[in-house]
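Work through the exercises below with the structure open beside you, and try each task before you read its solution.

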Amino acid sequence: MALRLIADFDLGKDVLPWLRAQLAASAAAGARGGGPGVLENNYECLRVLNVERNRNIIYTCKDDKGNVFFGLYDYQTKQNEHLYTFEKDLQVVSCSVNREKTLLATSLVQAAKEGKSNEFQPGSKCLTLLVEIHPINNVKVLKAVDSYIWVQFLYPHVESRPQPENHLLLLSEEKYIEQFRIQVVQEDGNRVVIKSSGHLPRERVAEDFVWAQWDMSEQRLYYIDLKKSRSVLKCIQFYADEHFKLMFEAPLDISLSDSGFKLVNFGYSDLQDQEELSEHLTLCVFTNHTGSLCVCYCPNFDSCEQITYSVFYFHKGHSKTFTTSLGNVDSCVTKGITFLNLDYYVAVYLPGHFFHLLNIQHPDLICHSLFLTENSEVISMLPHSPLQSLSGSLVLDSCSGKLYRALLNQSYLLEFLWNTRLDCEKMALLHCVLSCGRDPRRLEAKIIQWISENISACHSFDLIQEFIIASSYWSIYPETSNMDKLLPYSSLLTWDTKTGKRRSTVYVRNILDNAIKVISNLEAKNLEPRLTPLFQEEDNHQQLLIGLMVSELRDHLLRHLQGVEKKKIEQMVLDYVSKLLDLICQILEASWRKHNLHPWTLHFNRQASAAEFAVFHIMTRILEATNTLFLPLPPGFHTLHMILGVRCLPLHNLLHYIDHGVLLLTEAAVTRLMKDLDNTEKNEKLKFSIIMRLPPLTGQKICRLWDHPVSSNIISRNHVKRLLQNYNKQPWSSVMDKSSFSVEFLPLNYFIHILTDIESSNPALYAFEGHDNVDAKFVEEAALKHTAMLLGL
């Protein structure tokens, strides 16, 4: 299934055997009362009450006399502890224990049994107690009121030593929140008691609220109050000392009634009366380490046909509202909607109806979210009991007494990616899988395999382009927050690192040094030998692009990440650009491996195979994807692409690809072409067509490699052109020597004499540069012949 629930705690496995062992030990010692006595037949009485910040779990159960037992499961040691037992038949509303496990706060109500007198004070419905439990000692009544009370100890960030003062929050059904300051002292060794228990200082934290949520991980209180019928969300941060601070307040576009009352993550009571206190709405706040803050809201719904819910993306400054048809009208909603915090995603889940996975980092692109209906097998595989999302990825199933870590199921999502036909689901699943971040190398290999087999099956976006951008983004995203504002996360958005500035020679040298660092960084992380012949030549064009991207991206991040060290940013940039190149290399490697190609098979004088056609197609798609985004390619890519192009394409198609910039005439590729191919008529036509399309300087170098009259003709032209570039006309008499003329045509004699004079004036500068494959005398004769032809002789 799309959601993977890993059980961290199970009442049935982690607590129940220990309780039975405690009962057996008590019975063997002849003890009566004090321990649970009917757990075999009354397992439902065992339930979770609270999960503290350190993940210690408080639970309760009753024995056959109705005595209330409080226990604690230590998340670190995996051991159970007995905290306290109330020898009265009471019902627990809320419970919390301090970090040192020396104080227990709880609120209880009278168990509803006919004919039983009220054991509480007259006019009181709920009793709130503070108990010294190290060792078990005094019990102090904090409140005895006719309204429900919920309690929660604060857990300071300082974990090194016991705190002399504990802070306890009390939330009242009468819509106010107080903080008690409780000082403790040690007496008689390790005995911890409350100092000045007669009067505990308190202060009002909030009042007139209609909804509140506790964030145990960050020690924050979120609550909503109504101002002029407007819902206002407020956040209070509690610190290690006694003070607290209002972090923000913001209006919420939702409709709440001041007669309602709802608490989230203040313990997990099963009181039926509590349902009467709350509207049947669902509202919760989710945060994560990247700084995102979402409010998820679903109002009261009584329709069996559709449901409406909203997500407010405070970190993005906007919200989205969704209305979903429930499909089968006969299957009315019997369970409430569930919102789950899955790090970069929020899951909206209605058992038996739908599962909506919302990308909270990029909510502006709706195609990055995944919606599955009741027809999908995913829905039937999800748990049907209501789940409560705690801080982070912790999820509590209060019905079964299990605490889970909720994760996205990477294997299932990959399988779903292979089978889905909708482009929107392909994009959503691609980002979802990459965000999981587990074993990225293996994951990328599987995605590349999927891309290679579905390269033409996606019509609304470029698969290679989206994969390169998304994978590079998610590889560096955990480094710092707000990276979506600094780096592209989708090919659907335009992003440019181009620059139109003219740079100095020193700058260009630094750019090339950047490229060397990137390639070294990439090679250091890739220990396996490559199948593809990349990184084997000096590719100045791609090295300049690589170095330029490093330079521009580094300057960009330095401007916007003021609090991050320069050295860390430089490494982030190297890792990011290396990742871009590595992903392209991975795609090529996978294609070569799939088609069983080898570097030594690539020669111009062999006919292309079907496998080489397939690889050439993949490379053309890679080039198309990177060109649109102005991304660099691994050095040697264009040479390899050109070699395959010559072998795979007929001449007219090849020249069309060259003229439109799809194939790049690199010096390395053209050099191999001139050396590998003989001078048949077909090859001469190909060589001449290639030479005519080369830049002048490259063309001059390549012509010297081809022993052919055409290349000699070109060389002679270039030599004459070079001689005449700086020619200053002189009087006829100064250059005329009639005895040396071999041709009676005076204009030609004059031209020959000019060329001879220029060459003799500076032999070192104007000497003809010979080559093994070129006859220098032939070139000189060809130059004169060409001149004669131009003159019509």
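**Exercise 1.** Determine which residues of strand 9 are buried on one side and which on the other.

*Solution.* Begin with the terms: strands are DSSP runs of E with at least two residues, numbered from the N terminus, and a residue is buried when its relative accessible area is under 20%, exposed when it is over 50%, and partly exposed in between, with a 1.4 Å probe and protein chains only. Next, take the strand as a whole: 5 of the 5 residues of strand 9 (residues 149-153) are buried, so the rest of the structure largely encloses it.

The model is a predicted one, in which local features need pLDDT of at least 70 and side-chain atom pairs count only at pLDDT 80 or more, whereas totals for chains, interfaces and linings use all residues. Residues are numbered from 1 along each chain as its sequence is written, and side-chain values use heavy atoms, with hydrogens and water left out.

**Exercise 2.** Find out how many bridges join strand 9 to strand 10, and which residue stands opposite I149.

*Solution.* Two strands pair if DSSP finds at least two bridges between them. Strand 9 and strand 10 (residues 165-172) run antiparallel and are joined by 5 bridges. Within this pair, the residue of strand 10 that stands opposite I149 is S172.

**Exercise 3.** Describe the open sheet of 4 strands by its order and its edges.

*Solution.* Write down the order, which is 23-24-25-26, with antiparallel pairing. The edge strands, each of which pairs on one side only, are strand 23 (338-342) and strand 26 (370-373). Inside this order, strand 24 (residues 345-350) and strand 25 (residues 354-359) are paired in the antiparallel sense over 6 bridges, and L350 stands opposite F354 in strand 25.

**Exercise 4.** State what share of the chain's residues is buried, and how many helices and strands the chain has.

*Solution.* Of the 793 residues in the chain, 52% are buried. For the second part, helices are DSSP runs of H or I with at least four residues, and the chain has 20 helices and 29 strands. Finally, consider contacts, meaning heavy atoms within 4.5 Å: among those in the chain between residues at least 6 apart in sequence, 57% join residues at least 24 apart.
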